[in-house]
Amino acid sequence: MKNYNKEEALKIIIDVAIKYEERLRDNHFLIIYSQNNKINAVQVGFRDSNYLHMTGVKSRLSAPVF
């Protein structure tokens, strides 16, 4: 995995935050799949407070502020 400097990492986080806002935030998806000949389903939701967690960044900011 490539190491990024602070400026590169910040640009990536901001660019992806815009895409998260546009495409995922406040959406829920129902994923249906089969495993061992059994049908399973899981619902996944994306809230504004999830983005910080997904980045893996440690911050003193609260998730909604981040």
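Visitor: Is N37 buried or exposed?
Guide: Keep in mind that this is a predicted model. N37 is found in the loop between β1 and β2. Its relative accessibility comes to 85%, and the cut-off for exposed is over 50%, so N37 counts as exposed.

Visitor: And which value is phi of N37 near?
Guide: Most residues other than glycine have a negative phi. N37 has a positive value, though, and N37 is a residue other than glycine. Its phi is near 60°.

Visitor: What about D26, where does that residue lie?
Guide: D26 also has a positive phi, near 65°. D26 is exposed, at 54% relative accessible area. As for its place, D26 lies in the loop between α1 and β1.

Visitor: Let's turn to the rings. What kind of aromatic pair do Y20 and F46 form?
Guide: Their ring centres are 6.1 Å apart, inside the 6.5 Å limit for a pair. The planes sit at 75°, and over 60 degrees is the cut-off, so the pair is edge-to-face.

Visitor: How many residues apart are Y20 and Y51 in sequence?
Guide: These two form a tilted aromatic pair, 5.2 Å centre to centre with 50° between the planes. Y20 lies in helix α1 and Y51 in helix α2, so the pair ties together parts of the chain whose separation in sequence is 31 residues.

Notes: Residues numbered from 1 in each chain as written. Predicted model: local features only at pLDDT ≥ 70, side-chain atom pairs only at ≥ 80, totals over all residues. Heavy atoms only, no water. Phe/Tyr/Trp six-rings, centres within 6.5 Å; stacked < 30°, edge-to-face > 60°. Helix = DSSP H or I, 4+ residues; strand = E, 2+ residues; numbered from the N terminus. Buried < 20%, exposed > 50% of the residue type's maximum accessible area, 1.4 Å probe, protein only.
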